[in-house]
Amino acid sequence: MANAAAATPQDGATQTAADAKAESGLDSVVVRFAGDSGDGMQLTGGQFTLSTALAGNDLATFPDFPAEIRAPQGTLFGVSAFQINFGSRAIHTAGDAPDVLVAMNPAALKTNLAALKPGGLVIADTGAFTKRNLDKAKYDSNPLEDGSLAKFDLLAFDISEKTIEAVKPFGLGNKDALRSKNMWTLGLALWMFDRPREPIHNWLKSKFAKAPDIADANIAALDAGHAYGETAELSGPQGNVFRQLHVDPVESEPGLYRTVTGAEAVSLGLVAGAQLAELPMFFGGYPITPASAILHHLARLKEFGVTTFQAEDEIAAVCAAIGASYAGQLGVTSSSGPGIALKTEAIGLGIMTELPLVIVNSQRGGPSTGLPTKTEQSDLYQAVYGRNGDAPMPVIAARSPSDAFEVAIEACRIAVEYMTPVMLLTDGYIANAAEPWKVPDPADFAPFPAEFLDTPNDGENFLPYKRDQKGARPWVKPGTPGLLHRIGGIEKHETTGNIDYSPDNHQRMTDARKNKVENIAVPDQQVALGEKTGTLAVVGWGSTYGPIHQAVRRSIAKGHSVSHIHVRHIWPLPGNLGELLMGFDHVLVPEMNTGQFKTVLRDQFLVDATPLTKTSGQPFQIAELEAAIAKYFDGIDGNEGGQVKVNEQQLPSTEVDG
Amino acid sequence: MNAPVKIETTLKDWETDQEVRWCPGCGDYAILKAVQRTLPQLGADPAKTVFISGIGCSSRFPYYMESYGFHTIHGRAPAVATGVKLANPELDIWLVTGDGDGLSIGGNHLMHVLRRNVNMQIMLFNNEIYGLTKGQASPTSREGTRSPSSPLGSVDHPAKPAAFALGAGARFVGRGFDVSKHLPDVLKAAHAHQGAAFIEIFQNCIVYNKDVFDDFAAPKGAEDRQLWLEDGKPMLFAGETKGIALDRDALELKVVDVADGDWEAAGVLVHDVTKRQVAHMLVDMPFGPFPMALGVLYDDPRPTFESAVIAEREQASAGKEANLAKLLAKGQTWTVSGTAQDPI
């Protein structure tokens, strides 16, 4: 994606903002915006991301918002945060500890301070540090004044007041005026990192096209924040004078770029996949966090032959998609773990009737309702094994927001070419996070046009379950004269499709379904980083790509024999994967679950895969993986793998109830 | 949209080579024949006809119809059928369900297919029992029904399928019973209706719930307890000696005697299939004091779901180019020039 030559240990946990200030060109910076859920932090973060992308930095983001829609103001559990890591080198993660924390109220400071690097910079709005807000955040005294922030740099001033002042000419009441506080802060951040304001101006003008007053007020707040940085002599308690920090553009492959979230990329990939299959797309969905965004995106793309159907429940969403596939469209459904559980019986119907179907699972944390807004990779067993009967189904996983585009196309291809449901795994992190994306050219993807049978396939006869060389049965649209037939979930005769319970037929049909999926053509597994043999292979799948990649890169730089292997095709697995793993003395499998892919690898290849697990709803940090890798090279036996502890530096914050 | 071109077929053309596996004497045989007899009369095209079912005895139906067919999963046929219809509105869909499939496990989907008004015929075979699982009480079983799962008699209050359908917003509600010679007429009216047409068909399960409908659906002798409704005709029954009138004080229906054929004098109502409030009273008439209301109880079409979805899609697409390359490059973009080093 970008130049990675400049990766040095300096983006490790020891660098401080003060060190950074001494440098004219920074390698990378991590900024976290935190405030009340009503403060517009996700918006601020999103716009800062856009402006950063336009400045030519590589970046990765981590949005973290409360499960409550409108949590009571000022409370610890109502804090919403957005972290961005950007740099002049390739960025693969949302960053470990932040260099800069913007805290819009006491609760935001309290829940995020533990994450800040020693010597990091706190920017705080003193106007929001009222007695009432301090009480709500369970502070006994004002941390901005009691010296408890001594080990950090602090910029504290009354952002609330300055915002009210800036928007005064627009005649807004105090309450409305304060809603522009986030724009004032964004303006300051844009100054601090030398980002252009123009894209935000344009965005505000188009967002508030119908209320130019509001647009102007927000622009005034943004400009005032920027001007404040430019003119005021900003100094913290340690006497440091803050200057602008410049992060050079990253060296990237030439081309046209945009930012994309995983949910957008999946939606666009599905549209592309349907076009490559030359099929209209039918999307059946039901609202569920964090998968709804895909339904929202596709509902606006009707001109691409997309029909979206918000069904009465998860089951109806998948059933309608199966019905549409039966009628000759590309049926797609999407959900998260609990919704996938509801769809499971119908997915079995899709497997039994051998119809194309794409199921997107944006994984979240925990069983049952679990952690709806947090991320986990714990639906792998559900995807690979979680159905009644022997019900094999291909499973593929996206590793990043931009990767989700290609993976969605791949899911469509397998579904159409092999007449089978396919599950595409993403997760809450991939769905919500944004990263720069080199806009692909649709012409670069090979088409896989769907074929519909319209004449008999066995001399004069038509056999609905006669398979082709790939093991796929023919797709016949109802409405086709001469090919009338019935399908259903009951076991059927291996060629005629008529009900057939006989033992030998069921044996053959079970084998046929299994063989079809196991023989799906899957590209050989490549090594993402490092040698093809060696001491340690770190094997990942899904959204752990970024942290594993960086950790392996650093370990290689330290001289360790370690490679990164990242698996897209979870089922069936790439044919060469077993042999590849045998070329390493050790296999470490970091996962945001209790070791699910590890089980699959052990089962399939009899390889001694060691799990490294993390189930705190937080992604892996680079440093955590680096430490886990180092244990293979420390000369101590038996300390490898295990569980990564809850990390106070990370989002989601650990302190929510005081 | 249903079968615009009339195709000539015979009853035999609609039979498959599959052995019918319902119990000997099951009411389903009569319904199957009624449907196979009706479709040629409609000029239906077997290639464009799709029978979609859930799970249960009734749901075996598609295997016996020489058309397209999809035997889906328990309760979900309305959802599958909705997807089929949205993908290809040209198809003529017949949904086959039962009291357990349609009102118990699939009640939610039945409600939504009706309120959305997806154009299809929905035949609910009501035998007031779970047949395929060997005789447990169903959501339409009368209180006190003794079954393997309710050996002391069921205690839950039964649902009324036609009342459920009307309450869910159905724009066509019809009723018939397995061996009735009028059943094809109800099916034809349902087929002519544009939108979701709900038909409750009382069906005799001779093994687990034998003859529970005999009071009004016995092959012979129950005619006096049948009220066959016809649009524009007075609501008369029992050889036109009795009729249904409105008790204007109580705002409910009542049975009145008709002397010498003078139904007007007796205040007998004239059936108007578009009167929703009357339909509500007809589906709710307690059988016993009242006859069983049969035929077309309600028929008042409104635009179908699929036509609205298509219109919305066309409107939203008008003047827009489906250019994927442009879509991918939408929003704020930036261009990087120069040479990449070590791209990953």
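Two strands pair if DSSP finds at least two bridges between them; strands (E, at least two residues) and helices (H or I, at least four) are DSSP runs, numbered from the N terminus. The model is predicted: local features need pLDDT of at least 70, side-chain atom pairs count only at pLDDT 80 or more, and totals for chains, interfaces and linings use all residues. Residues are numbered from 1 along each chain as its sequence is written, while chains are lettered from A and ligands numbered from 1 in the order in which they are written.

**Exercise 1.** Find the strand of chain B that is joined to β9(A), and state how the two run.

*Solution.* Start from β9 (255–261) of chain A. Four bridges link β9(A) with β14 (residues 333–336) of chain B, and the two strands run antiparallel. Then take one residue: A:Gly255 has B:Val336 of β14(B) opposite.

**Exercise 2.** Describe the contact between chains A and B.

*Solution.* Residues are in contact if their C-beta atoms, placed from the backbone, lie within 7 Å. Chain A gives 65 residues and chain B gives 54 residues. On the chain A side, α12(A) supplies the largest share, nine residues. Sorted by class, that side has 38 nonpolar (Ala, Val, Leu, Ile, Met, Phe, Trp, Tyr, Cys, Pro), 10 charged (Asp, Glu, Lys, Arg) and 17 polar residues (the others, Gly among them).

**Exercise 3.** How are α5(A) and α7(A) oriented to each other?

*Solution.* The axes of α5 (residues 159–167) and α7 (residues 181–192) of chain A are 9 Å apart, at an angle of about 100 degrees. Axes are lines fitted to C-alpha atoms, for helices over the stretch in contact, and angles run from 0 to 180 degrees between N-to-C directions. Angles of 65 to 115 degrees count as roughly perpendicular, so α5(A) and α7(A) are roughly perpendicular. Among the contact residues are A:Ile159 of α5(A) and A:Trp184 of α7(A).

Methods: Contact = placed C-beta atoms within 7 Å. Parallel < 35°, antiparallel > 145°, perpendicular 65-115°, else oblique.
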